[in-house]
Amino acid sequence: MSGGNRRGRIGQEQIILAIAIVVFGVFSVLIRDFLSAGNIVSMVQSVSVLGILGLGMAITILGRGIDLSMVASMSVAIAWMLVQLNAGAPLAQALPMAIAFSVMVGILNGILVAYVEIPAIFATLAMGVTVYGFGKYFLVESDVNHLPEAWRWLADLVAARPLGLPVPVIAFLGCAALAHLALRYLRDGRFIYAMGDNPEAARTTGVPVRSMMVLQYVISALIALLAGLIMTMLVASMNTRIVSGTLVYDVILVVVLGGISLSGGRGGILSVVVGTLLIGIMLNGMTMLNLTFTAQNVIKALILLFALVLDTLINPRDEQTAQQGDI
Amino acid sequence: MTTPLVEMTGITKEYRGVPAVKSVTFTVMPAEIHALLGENGAGKSTLTKIIAGVTGASSGSLKVAGQEVAFRSPSEALAHGVAMVFQETSLVPSMTVAQNLYLGNEKYYNRLRGLTIAAQQFLQRLNFNVDPLAMVANLGAAQKQMVEIARAVLQKARLIIFDEPTATLTPEEKRHFFALVIRLQQDGVAVVFISHAIEEALMIADRITILRDGELVVTDQASAFDRDKIIQAMVGRTLSGALYQRHAGKVRAPGAKVLSVQNLSMGSMVRNTSFTVYAGQVTGVFGLIGSGRTETAKIVAGVLKRNFFNGGEVRLMDRPVTYRLPRHAVLDGVVYVTEDRKLEGFFDQMSIAQNLHLGRLAAKGPAIVSYAEMAALAEVWRKKLNIKTINADAQVIELSGGNQQKVVIAKSLVQKPRLVIFDEPTRGVDVGAIAEIHQLTQSLADDGLAVIVISSYLPEIMNLSDRILVARQGRIVEEFTPSEATEQKVMYAAVH
């Protein structure tokens, strides 16, 4: 959006928003209780974690990167924090260590991509596997790590409704607003768009491309940590097995669906919000229609494919991106 | 009258509703050499791409050897004997010459030796001096072109289309290329070539076609043209040489010493080069491709990746500097305006305003972006450089080559440099914009900046420079003052 879409042209954001409204309408006719306040709140709440992860992913993709290690770094950092809390450590120790862990993963990702010059998709894929393996071997023993009783009040925080909205939703919207403003009004935000648009030109113009790349992965790791905290508040535990699930693909789904191009520099935070909205409605409706988990996965996969095709049609790979390579 | 080899009638090609070629009627006779001239964006490339099956026409008819055709791919065109050689070669760099020649036509089982021998014999028959076992990546531009031509001939092309064949060649290689074209003609192959060099077209072509704004202006025998007539047809107005007339006698005196390079070396590209650049002057650097002029500039401005200094010293305002990133150079007021604007010049998804403002942000700009300031900045520079655009939000990719180049230049100038290095500032730029860019370089020097203009186009160097440096084989070999320099002297220094 702030990347410079032409005005007056219908973009992917608008298309997806229209589809979301249509799907919402269909579901509210088909499904009883779909429109109930309780359902709508739980619907938004359940996708806000996905949305927050999407914000981090969006920032890396806008800068012509991608972060496939987000889910791994999130689950290991949070699980490690829970292990420490269970061992009796204070939050004031466990949380900063989790933050330090995430920052380190981000820095390593950034170094691999910016200085060693490994394509982001491979660097972060390998980093995700490494972080998970390292975490399971040294830091966390069991798959499921519960929030200790002493800290249950954290989970109860979720039930609180400041401004009438659940905490996860406020966190998502707050982060989205911050990310939007940062990308649009901060110099570094413009730098990310410039890098995604044309990394070589950004370099010659004097953009500190390499340090911006490191920053980008640190931000995505920190956003992942925040998403993990919210997730822990929601279910009072962290299951490290989510790393082998489809969560990371769902994150890419909400990002690409809303119109952030994998070739970088195109789209904006609003795209993530719109994508999250549609996926939230779909998932909730499908669950209420009693579709099996597998059937839902098939539908999600089809939507992801559809979004990728749409991306390629709207943003055709030109000679230039072909030369420099996508992602 | 013989049947034309290619006959296009009423060909129109639209991109997103904007016509690139408007109802053009164009013929190519068998075994003729046909030059296609026009400013950038005149539709030359589009027209030839339609003949070669790279893109399809929106409307109109195309006949090859009297037969109505509509090519859907270059291979279909090739089956009808039409081959195209692009500016960027389509050879596979990691394969040998022989493998490239037979690429796509291999049998199920290939003996490498058999392939090499066949290629050897074929190349000898064409009298091409290329080693079939050489890796294409190691060949020079001219040799790559030979391989491309050989491949087209091998595939029995009756028409070979060249897109700017001489742009990357040295004078020596150019002569060789023209000899080749004439030999092709003697073998009955027709040649169409797109060119910016008017003299070349006059010298070698049988017929010349001139396009302007997608429309055909004139097609005639080459003997019916002269330089002035061609320029007039290209731009639609008389410019006759005024563009490259030396600004009468006015040579600026050198100001303070801004840059001095001592014994700079890097690999085989830059060898022990030394020179000095002064404020308030345009220093022209003339050199042929491979003379190390671009590399030297890129070392100075920190643009070259992994620049392992093999030695030497760069001093800016008498302070030794070593830039390993363009950012450091930019912050010190040294900007490099690239010769390849598409690859490393502008941000194609951004508007003109966003492009310019990014230049400012990157040069210690404010941490918070003000969109009002961005718009004001764009307005100032759009007026200053006469950047033509439909609206302020237009993306740079939609502009013409000349306007893109102006945006790239403006993006560097907003960084308030004290040393500006222009590398081929008018490559792929239309005649009108060339004049404006030349004026701009002059006014920068008048304002006291140190300006370096690197160019392989002699009239440009002769016209702009207050001092002329000549680069050859990785070093600056000679210096001329404008009064003593003649085109012959400068060229002699560059090639010998």
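In helix α6 of chain B, the buried residues are B:Phe177, B:Leu180, B:Val181 and B:Leu184; a residue is buried if 20 or more other C-beta atoms lie within 10 Å of its own, exposed if 12 or fewer, and partly exposed in between, with C-beta atoms placed from the backbone. Viewed along the axis of α6(B), these buried residues fall within an arc of 100°, so they line one face of the helix; the arc is that of the directions from the helix axis to the C-beta atoms. An α-helix has 3.6 residues a turn, so residues three or four places apart point the same way.

This is a predicted model, in which local features need pLDDT of at least 70 and side-chain atom pairs count only at pLDDT 80 or more, while totals for chains, interfaces and linings use all residues. Residues are numbered from 1 along each chain as its sequence is written, and chains are lettered from A and ligands numbered from 1 in the order in which they are written.

The buried residues of α6(B) pack against β3 (33–37), α5 (141–154), β7 (159–163), β8 (190–194) and α7 (198–204) of chain B. Helices (H or I, at least four residues) and strands (E, at least two) are DSSP runs, numbered from the N terminus. On the face of α6(B) turned away from the buried side are the exposed residues B:Pro171, B:Glu172, B:Arg175, B:Ala179 and B:Gln186. The helix comprises 16 residues (171–186) and reaches 23 Å from its first C-alpha to its last, close to the expected 22 Å, which is 1.5 Å times one less than its number of residues. Just after α6(B), B:Gly188 takes a positive phi of about 90°.

B:Asp318, in the loop between β14 (311–316) and β15 (319–321) of chain B, has phi near 65°. B:Glu424, in the loop between β17 (419–423) and α15 (431–446) of chain B, has a positive phi of about 45°. Is each of these residues buried or exposed? B:Asp318 is exposed, with 10 other C-beta atoms within 10 Å, whereas B:Glu424 counts as buried, with 21 C-beta neighbours inside 10 Å.

The contact between the chains takes 32 residues from chain B and 22 residues from chain A, two residues being in contact if their C-beta atoms, placed from the backbone, lie within 7 Å. On the side of chain B that touches chain A, α12(B) gives the largest share, 5 residues.
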